[in-house]
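This briefing is for a reader meeting the structure for the first time.

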Amino acid sequence: MLQNSKAFSSFSVNDLAKAKDFYQHTLGLTVQDNPMGIIEIEISGASNLMVYPKPNHEPATFTVLNFPVDDIDAAVDALIEKGVTFEQYNEDYLKTDDKGISRGNGGPSIAWFKDPAGNILAVLEVVR
């Protein structure tokens with residue numbers, strides 16, 4: 001029944017105006033206002049992402065959105081220039097370098113950061 005459905009993802013934020021500014025100006029994505037009082041973020045090659053305001057919003061404790069990139073160092077450097085701060089992890093199972101990039105931990109090189117609402121996002125290097 002759902003195998004042909006064009007599914008899409010959504011998540012909440014506590015301040016829609018801050019979220020719109022961050023996704024549009026900091027990350028450089030196309031963001032549209034939706035008449036339902038939400039915003040839609042255009043994701044290349046996928047369905048639009050819905051972001052909705054929630055007064056009692058609590059940030060996700062997991063990654064809600066991943067951005068595959070060809071060169072993680074270039075992507076991280078560009079985002080740092082825009083004021084993005086990357087998460088630092090120093091756990092037995094997960095370590096990041098000074099830039100906040102996890103390398104050689106059994107998966108792709110990846111770096112995590114948060115949106116203004118505290119939701120966790122990531123850039124990850126995809127070798128093509």
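In which loop does Thr96 lie? Thr96 lies in the loop between helix 2 and strand 6, where helices (H or I, at least four residues) and strands (E, at least two) are DSSP runs numbered from the N terminus. The model is a predicted one, in which local features need pLDDT of at least 70 and side-chain atom pairs count only at pLDDT 80 or more, while totals for chains, interfaces and linings use all residues. Residues are numbered from 1 along each chain as its sequence is written, and side-chain values use heavy atoms, with hydrogens and water left out.

**Thr96 and its surroundings**

- Thr96 counts as buried because its relative accessibility is 15%, where buried means under 20% relative accessible area, exposed over 50%, and partly exposed in between (1.4 Å probe, protein chains only).
- Setting aside residues up to four places away in sequence, Thr96 touches Glu87, Gln88, Tyr89, Ile101, Ser102 and Trp112, a contact being heavy atoms within 4.5 Å.
- The side chain of Thr96 makes a polar contact of 3.4 Å with the side chain of Gln88, and the side chain of Thr96 also reaches the backbone nitrogen of Tyr89 at 2.8 Å.
- A polar contact is a pair of N or O atoms within 3.5 Å, of which, within protein, one must be able to donate a hydrogen and the other to accept it, and residues adjacent in sequence count only if both atoms are side-chain atoms.
- Thr96 and Ala7 are 89 residues apart along the chain, and their C-alpha atoms are separated by 33 Å.

**Helix 2**

- The residues Ile72, Ala75, Val76 and Leu79 of helix 2 are buried.
- These buried residues fall within an arc of 95° when seen down the axis of helix 2, so they line one face of the helix; the arc is that of the directions from the helix axis to the C-beta atoms.
- The cover over the buried residues of helix 2 includes helix 1 (16–26), strand 5, strand 6 (101–102), strand 7 (110–114) and strand 8 (120–125).
- At the start of helix 2, a side-chain oxygen of Asp71 comes to within 3.1 Å of the backbone nitrogen of Asp73, and helix 2 is followed by Gly83, which has a positive phi near 100°.
- Glu81, which has its place in helix 2, is exposed, with a relative accessible area of 72%.

**Helix 1**

- The buried residues of helix 1 are Leu16, Ala19, Phe22, Tyr23 and Thr26.
- They cover an arc of only 155° around the axis, which puts them on the same side of helix 1.
- A side-chain oxygen of Asp15 reaches to within 3.1 Å of the backbone nitrogen of Ala17 at the start of helix 1, and just after helix 1 Gly28 takes a positive phi of about 75°.

**The largest pocket**

- About 340 Å³ of space lies in the largest pocket, a volume being the space filled by probe spheres set on grid points that are joined across faces, edges and corners.
- On a 1 Å grid over the protein atoms alone, a pocket is an open set of points where a 1.4 Å probe fits, with protein on both sides within 12 Å along at least five of seven lines, and lining residues have an atom within 4 Å of a point.
- The largest pocket is lined by 14 residues, and those nearest its centre are Leu27, Leu29, Phe67, Pro68 and Val69.
- Strand 5 (63–69) and helix 2 (72–81) are the elements that give two or more residues to this lining, and the largest share, five residues, comes from strand 5.

- Ser12 is found in strand 1 (residues 10–13) and counts as buried at 9% relative accessibility.
- The side chains of Ser12 and His57 are joined by a polar contact of 2.6 Å.
- Asn119, in the loop between strand 7 and strand 8, is buried with a relative accessible area of 2%, and a polar atom of the side chain of Asn119 lies 3.2 Å from the backbone nitrogen of Ala60.
- Tyr52 is found in strand 4 (residues 49–53) and counts as partly exposed at 30% relative accessibility.
- Tyr52 and Ile39 are 13 residues apart in sequence and 6.6 Å apart in space, C-alpha to C-alpha.
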